Amino acid sequence: MDRAALENCAADAFHPGCEVTWPIRHATMFSEPFRIRHRATGTAEPDYGPTLTPQEALAANGPLHAQGPGDLTRWMAAPWQADTASCRSGYEVLANLGPRYTPYLPTFWPAQVPNHVLKLEDFEKVNTPSTGSDDSAREEAFERRATWLRGLNGTMNQQRTQMIKDWPKLGVVEVRDYTVGDGKFPERILVESRPGQPLDQAPDTANLVNLHVPEAGPHVLSAAAGIRPEDRLAPETLEAESAAGVIGEAARATGYREEEITAGYLELLDPFRDAR
């Protein structure tokens with residue numbers, strides 16, 4: 001039963017994690033292997049106040065010890081839709097773009113969050129018998145992929161905001177049966193359902209290239225904190241200006257079109273954010 005429960009989990013990276021996040025790394029949360037330490041029935045959750053210090057977090061009565069209902073998932077991103085919109089593939093900074101760049105690797109959660117999908121209309125071409133001996137059109141449709149988040153627009157933060165509203169319009173990956181019966185394609189194929197409007201009109205390769213813009217981070221934080229109120233701009237404006245300035249450079253470096261490139265500040269990919 002342990003294996004049955006854990007088989008489909010994303011497992012050991014936990015940054016931020018699909019099921020639970022970093023606290024699950026602490027042995028203090030477990031009473032024995034694979035068994036979470038339970039808070040005694042009727043025991044109220046401690047109130048840690050507006051600030052949780054490392055000392056309180058690691059204390060014997062802290063949140064990394066006995067667990068109550070909802071405690072495992074309370075560390076997750078809120079809302080989850082914005083976090084899901086961040087978990088893509090091919091992230092890179094401008095300085096490292098070049099001939100070895102791939103928009104497909106590395107990837108965050110390929111088994112849980114789709115990156116590139118076979119569209120329903122392409123599957124329908126695959127699943128329609130050819131009238132002659134030439135199957136090239138079906139083979140091309142089978143090999144073609146679309147970016148799952150192609151319907152999101154703007155900078156990375158703008159897209160994460162849109163994701164909160166528009167996630168029900170995204171296509172859902174479903175198992176479809178290949179019914180032609182000629183053995184030329186797999187009997188079962190993972191296929192994206194048709195997205196809702198207007199996401200269904202987006203180009204297949206929109207948001208294919210995902211560019212992290214660390215230069216936007218300090219400016220966004222400074223503006224939000226009001227360090228220079230005399231010329232302060234909205235954080236979203238500063239990020240948009242920074243993103244627009246590098247998209248053209250990225251297009252020249254990679255050969256991809258500007259409309260295929262998403263740029264913006266993503267804090268999870270900025271290893272020096274705490275030092276700033």
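In which loop is P106 found? Select P106 in this predicted model and you will land in the loop between β3 (92-93) and β4 (116-117).

For another cis bond, go to Q197 and P198, where omega is near -5°. P198 lies in the loop between β7 and β8 (209-212). Stay in that loop and pick N207, a non-glycine residue with a positive phi of about 65°. N207 counts as buried, at 6% relative accessibility. Now jump to F34, in the loop between β1 (30-32) and β2 (35-36). F34 also has a positive phi, of about 70°, but F34 is exposed, with a relative accessible area of 54%. Most residues other than glycine have a negative phi, and most peptide bonds are trans, so these stops deserve a look.

Next, show the aromatic side chains. The whole structure holds five aromatic pairs. In one of them, the ring centres of F142 and F185 are 5.1 Å apart and the planes meet at 55°, so the pair is tilted. F142 lies in helix α5 (residues 136-143) and F185 in the loop between β6 (173-177) and β7 (188-192), so the pair ties together parts 43 residues apart in sequence. Then select R145, whose charged end sits over the ring of F142, 5.9 Å from its centre.

Finish at L149, which is among the residues with the most contacts inside the largest nonpolar core, a set of 16. L149 touches M163, L170 and N207, among others.

Terms used: Residues are numbered from 1 along each chain as its sequence is written. This is a predicted model: local features need pLDDT of at least 70, side-chain atom pairs count only at pLDDT 80 or more; totals for chains, interfaces and linings use all residues. Side-chain values use heavy atoms; hydrogens and water are left out. Rings of Phe, Tyr and Trp (its six-membered ring) pair if their centres lie within 6.5 Å; planes under 30 degrees apart count as stacked, over 60 as edge-to-face and the rest as tilted. Helices (H or I, at least four residues) and strands (E, at least two) are DSSP runs, numbered from the N terminus. A charge sits over a ring if NZ of Lys or CZ of Arg is within 6 Å of the ring centre and within 35 degrees of the ring normal. A nonpolar core is a set of buried Ala, Val, Leu, Ile, Met, Phe, Trp, Tyr and Cys residues joined through side-chain atoms within 4.5 Å. Buried means under 20% relative accessible area, exposed over 50%, partly exposed in between (1.4 Å probe, protein chains only). Contact means heavy atoms within 4.5 Å. Lists of a residue's contacts leave out its neighbours within four places in sequence.
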